[in-house]
Amino acid sequence: MNTSQNAGAELIMFNGAIYTMNSNCPWVNALAIRDGRLIAVGTETDVRTAVSPSAQVIDLQGRMVMPGIIDVHNHFLFAGRAELYEEHFLPNLSLAQVLEKVRHAAMKQPSDGWIVGGSLGSGLLSELTLEALRALDEAAGGRPVMLRDDSFHNRWANSAALRLAGIDADTPNPLNGEIVRDAATGEPTGLLLEAACSLVEAAVGKALAMSPQLDINAGAHALRRLNAYGVTGFQEAFTMRPVMDAIKALDDAGKLTAWVVGSLPVVEAGLAPHEWGDTLFALRDSYRSRHFRPDAGKILLDGVPTTRTSAMLDPYIPDPLHPCCFRGATTMSVPQLARALSDCEALGIAVKIHSTGDGAVRAALDAVEVLRSFNGPGLTHQIAHASFIHSDDIPRFAELNVAADLSPMLWFPGVINEAIRATVPLERAEHYWPNRDLHESGALIAGGSDWPVTPDPNPWVGIQGMVTRRDPSGQFPGALWPEQALDLGTVLRAYTLNPARAMGIADETGSIEVGKSADLIVLDRHLFNIPVDELAATRVLATWFEGRVVYEQTP
């Protein structure tokens, strides 16, 4: 199959199994493209009559074609930075193995050079004591260290990094954050939760001020990775000014090979010490480009369950720092959130609300209900990481026009799920990610990676896991709430047209229909003709964005 083409030229593809995501015509065998747009979809006869005799012709040789993947939630620039410039390791390492990684990294750094990286497995956080801090200091040889955990909501810093961040026993906890301290001495252990991360991130940022070109290189690297998996659109989920700088530079250079929606922080967010709210909103039009739409906002309404910072309806399992009946808390009240959403809607900004606990999900839905009662129907807001949800709240998603952002890919057994079992009662931990209930209630469900929280943005792993509720790697046995498994057609829609709708770009992409951008992928297998436990092995042979090949598998 020869996929070479001239930009702007007419071409047809025929003899394929083309899955369109158009419910009126789900399967066709041919399509035609002109100037990057789909001009005909149907039979070979249909498409040949739509183009001139000189049009390029591509024989798909029976291959399956479908719309490009749309990732509703990732942090592509952070992921690119991590893979190119940081000490990158998987979250399944033991503490001893992490320390060895730091020791090896220290050999490559000058005596005052920072060691930055991750991801620490959530299950290690309880081991980060003063003794572990001393071991980290020894491994680093006096160099400052900051490691991110697998939720990216927490950091582990060594003594040198704490000093540079101005953190000592007398430093107060920031709002919505915690400097974890030794119970006996009151000394910081180096573990920083939620907003406390900004203290050490600010020190890292000052020391390692990233040049614009390095960020552009990181973004280009991440785009190549995403295109290779068939991704042709995504929502960048925490879009600060440096991220917008890189996106604009990439698009200006013709290298932004995906549709991107930016999620600008609505209120101050301690995970990253940058601008937010009106300051960023005022810059939207200066960054807007052909492929970048800075039209979403981001609010962190709670934290993560592994550190008991998610807002839950029922208590966590008690531990020495969290006695009986501790449920966590939201960062905003319902009236505060409703007001923020109303202000955003007035600017045409749909908000992605991070809500990992069922208490935060309820608060988010309550705020949207208040908003609707005053303003009537409005924009489609999203609840990000819609995983712990009380059954009473599931129908409210559709009723209130709130999309369920299903990310990261945790709907099957894995490292983070094991860590959650240590903080959340077993009965609740086993009823996680009610994807089927959401879908059957009429909610708009949209799949995402949350890369680099998920170390690899491979959507085919998430797709298989959503169909089977089992770990595609086979490393973790059993199934997570198997009654919530979904059929393949529904899952593919959750990775294509649904996220495009949730992101407000369904006019451009998400399905193979006349008038839309020619964003499509050619696969190495027919997904509906293979066992479901082979879905994760799917390989993309070619990715097309706006009618041009942006990835092609090498022989």
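1. Two strands are taken to pair if DSSP finds at least two bridges between them. On this basis the predicted model contains an open sheet of 8 strands in the order 8-15-16-17-18-19-20-21, with parallel pairing.

2. The edges of this sheet are formed by strand 8 (69-74) and strand 21 (445-447); each has a single partner strand, so one side of each is left without a neighbour in the sheet. From one strand to the next, the twist averages 25°.

3. Within the sheet, strand 15 (residues 231-236) and strand 16 (residues 259-265) run parallel and are joined by 4 bridges. Gly233 has Trp259, in strand 16, as its bridge partner.

4. Helix 11 (residues 334-346) lies across strand 17 (292-300), strand 18 (350-354) and strand 19 (381-384). The helix runs at about 150° to strand 18.

5. The volume of the largest cavity is about 70 Å³.

6. The largest cavity is lined by Ala82, Glu86, Glu87, His88, Gly117, Gly118, Ser119, Arg148, Phe152 and Pro452. Two or more residues of this lining come from each of strand 9 (87-88) and strand 10 (115-120), and strand 10 gives the most, with 3 residues.

7. Which classes of residue make up the lining of the largest cavity? There are 3 nonpolar, 4 polar and 3 charged residues, with Gly counted among the polar ones.

How values were computed. Residues are numbered from 1 along each chain as its sequence is written. This is a predicted model: local features need pLDDT of at least 70, side-chain atom pairs count only at pLDDT 80 or more; totals for chains, interfaces and linings use all residues. Side-chain values use heavy atoms; hydrogens and water are left out. On a 1 Å grid over the protein atoms alone, a cavity is a set of points where a 1.4 Å probe fits but cannot get out, and a pocket is an open set with protein on both sides within 12 Å along at least five of seven lines; lining residues have an atom within 4 Å of a point. Grid points are joined across faces, edges and corners, and a volume is the space filled by probe spheres set on the points. Axes are lines fitted to C-alpha atoms, for helices over the stretch in contact, and angles run from 0 to 180 degrees between N-to-C directions. Contact means heavy atoms within 4.5 Å.
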